[in-house]
Amino acid sequence: MIREALPDVVTLPQYFKQNGYTTINISKIFDYRTVDKYWDQPSWTRAFPLSEEAMKPYYADSTGPVCGYFYQSPLVKDVFAQVENDTGLSGHALIRKAHKRIKPATECLDVPDNAYKDGVFADKALADLEKLSQSDSPFFLAVGFERPHLPFTAPEKY
């Protein structure tokens, strides 16, 4: 954990926050495994998402949330449903078990941008930017996109 290894470190967003800025983290700015509860609370006023559940309202109505962190493929969704039905698992345990059966390295479907996480992050960033721009208060908005990264999943148009 960064705060254990470097207790006196002041990150860029932390500096801004300490100086009166609203600091917003969307997606992976710091590696989730190196900070408390997937975000560095001293650095950020708000972070998104703090759970997969928090993302659900932002996904395309035509597809719903991604399956197994990455996928929209009907085949992958069917395998996940079968594993869930056979095992009764949910959450991370279901994902780990299902990924042993199916975890494609690529996916390229004719879906809207917000069928995948990066599209959701972009939409959320635009919405936050619109709200933040209405205020006279200073802000720091950081957005981390996950792609390109294995597995390579993106809408077909890209």
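Started with the salt bridges: I get seven of them in this structure, which is a predicted model.

Looked up Arg3 next. Arginine 3 pairs with aspartate 40, with the closest N and O atoms 2.5 Å apart. I checked where the two sit: arginine 3 is in helix H1 (residues 2-5) and aspartate 40 is in the loop between S1 and S2, so this pair links distant parts of the chain, 37 residues apart.

Then I went to helix H6. Aspartate 128 and lysine 124 form a salt bridge there, closest N and O atoms 2.9 Å apart. Why about one helical turn between them? Because they are four residues apart in helix H6. I note aspartate 128 as buried, at 3% relative accessible area, and lysine 124 as buried too, at 11%.

Compare lysine 56 and glutamate 53: their closest N and O atoms are 3.1 Å apart. Here I find lysine 56 partly exposed at 41% and glutamate 53 exposed at 53%.

One more on charges: I see Lys28, Asp31 and Arg33 linked in a salt-bridge network.

Moved on to the sheet. It is open, with three strands in the order S2-S1-S4 and parallel pairing. I marked S2 (46-48) and S4 (139-143) as the edge strands, each pairing on one side only. From one strand to the next the twist averages 10°. S1 (residues 22-26) pairs with S2 over three bridges, and I traced isoleucine 26 to its bridge partner in S2, phenylalanine 48. Helix H6 (residues 117-133) packs on this sheet, touching S1, S2 and S4, and its direction makes about 175° with that of S4.

Terms used. Residues numbered from 1 in each chain as written. Predicted model: local features only at pLDDT ≥ 70, side-chain atom pairs only at ≥ 80, totals over all residues. Heavy atoms only, no water. Pairing = 2+ DSSP bridges. Axes fitted to C-alpha atoms, helices over the stretch in contact; angles between N-to-C directions. Contact = heavy atoms within 4.5 Å. Salt bridge = Lys/Arg side-chain N within 4 Å of Asp/Glu carboxyl O. Buried < 20%, exposed > 50% of the residue type's maximum accessible area, 1.4 Å probe, protein only.
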